[in-house]
Amino acid sequence: MGRNVNSKYWDEELETLPREELEKRQLADLQEIVQFAYDHAPYYKRSFDEAGVKPSDIKQLSDLQKFPFINKKTQRDTQGVGSFLGELAAVPEEDVVFISTSSGSTGVPTMSPFTKKDFDEFQDTESRWFWQIGMRPNDRYVHALNFSLYVGGPDVIGAQNLGALCIWGGTLPSERLLFILKTYQPTVIWTSPSYAWQLGEKALKSGYDPKKDFSIKKIIVAGELGGSIDATRKAIEDIWGAEVFDFYGLSDIFGACAAQCEYHDGLHIAENHILVETVDIHTGEILPPGETGELVFTTLRKHARPLIRFRTGDIGRIDRTPCKCGRTHGRIHILGRKDDMFIVSAVNVFPSDIEAVIREQHGITGEYLIRIFEKDFTSKYAVEIEKNSDNPKDDAAVADEVSAALKARIGVKPASVIVHPDGGLNTRSEHKSKRIIDERKLDYSI
Ligand SMILES: [Zn+2]
């Protein structure tokens, strides 16, 4: 490939662009894509006209704030309307080479189309993340993600284009995956954080020592928040003797839109592809960079289905201060999904806050279940945990400790803490765990 394997950057010029240059590029791409969307996607023509805005109104990046938002519901409502690809699509079907769909976990699955150019740029971005975490052509890589319709499936092509030896694992049963780890000695793997942890435990129970019997040096995790929770990342790193990197993707955009660098302080987002805004969860008002709110993404270069001011439903913030790694693209910190957030005594609580506390406590396994319910017109939460079999304390003492730790970190105590023996919680599932039971009847649609 002629690329210098000693360079820390996949594309040094792009990744270290001075902020001013980066914003200049963003503005040119924004003007082009908004015009393209207006000219070719029936939905945008209608909604811009109704809002009284036109593409030529964009003279600077902040002019985008005059344009209307879209969200998941917009995607659902326009899908299949007028054509197979629907009213948000801006190219004819013959220009589309790939579609992925969302999991449908919050309603009808939505479809994300890519032109050949969209797809190639998607994979170049994925190569950039793989390179960023230190993957090089001499690595062996297992892509242990779902290939069925999922946008993360094709990311393996990004690793191949980088020159790594790729093993298209998919969602294998853990026995098969452990066999691959032992026989082929891969050095990098990508899976979900809960599965990385469970696979490590399974390996230990099957008589393997992941640190000695396997060669895994780097673990990529995505799909759940664990990779950004220090205590969870450390727990996985301790089992494997490997470094864990968190990636963040959206079915509507790329398998990974953002990734941690070696400093693990937020995830660099591809700002050449995505313009990030942060807005108030309730009012949609623009918040200054650095403040926490709902992340709103505009895709700057995806032509098959441009997303102009897409409310992601993810709560977080963007940090555009310089990173020690030298990359100038901002770093996002994600707190959780808007629909997972709940408010107890006027405090915003995310399941990820609870997970962080539970994973840091001694004498418990780290498995947990959170139940969110309504009582007296307010939300409450209850937590179930597992006590280690060698923990001499009685259940009441363990429950008190966990309750006090949650109160100290989050500000509000759980309504109850139920203590189970080791293995007593049925939360160890393959690949993606169900750890939150939401019994509320309030409408949290986005
Ligand atoms: Zn960095």
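**Figure 1. Burial and overall dimensions of the protein.** Buried residues make up 43% of the 446 residues in the protein. A residue is buried if 20 or more other C-beta atoms, placed from the backbone, lie within 10 Å of its own. This is a predicted model: local features need pLDDT of at least 70, side-chain atom pairs count only at pLDDT 80 or more, and totals for chains, interfaces and linings use all residues. Numbering starts from 1 along each chain as its sequence is written. The C-alpha trace spans about 70 × 60 × 40 Å along the principal axes. The radius of gyration is 22 Å, which agrees with the value near 22 Å for a compact globule of 446 residues. That radius is taken over C-alpha atoms, and the globule rule is 2.2 Å times the number of residues to the power 0.38.

Figure 2. The protein is divided into domain 1 (1–338) and domain 2 (342–438). These bounds come from an automatic or database domain assignment. The C-alpha centres of the two domains lie 30 Å apart. Domain 1 gives 15 residues to the contact and domain 2 gives 13. Two residues are in contact if their C-beta atoms, placed from the backbone, lie within 7 Å. On the domain 1 side, the elements giving two or more residues are helix H8 (193–205), helix H10 (230–240) and strand S13 (331–337). Helices (H or I, at least four residues) and strands (E, at least two) are DSSP runs, numbered from the N terminus.

**Figure 3. Nonpolar cores.** The largest nonpolar core has 88 residues, and Ile219 and Cys257 touch the most other members. Such a core is a set of buried Ala, Val, Leu, Ile, Met, Phe, Trp, Tyr and Cys residues joined through C-beta atoms within 7 Å. Leaving aside neighbours within four places in sequence, Ile219 is in contact with Ile189, Ala196, Ile236, Trp240, Ala242 and Val244. Another core, of 15 residues, lies apart from the largest one. Among its members are Ile364, Tyr368, Tyr381 and Val398.

Figure 4. Thr312 lies in strand S12 (residues 310–319). Thr312 is buried, with 22 other C-beta atoms within 10 Å. Beyond neighbours within four places in sequence, Thr312 is in contact with Leu250, Glu294, Leu295, Val296 and Phe297. Val244 is 68 residues from Thr312 along the chain, and their C-alpha atoms are separated by 25 Å.

Conventions: Buried ≥ 20, exposed ≤ 12 C-beta atoms within 10 Å, placed from the backbone.
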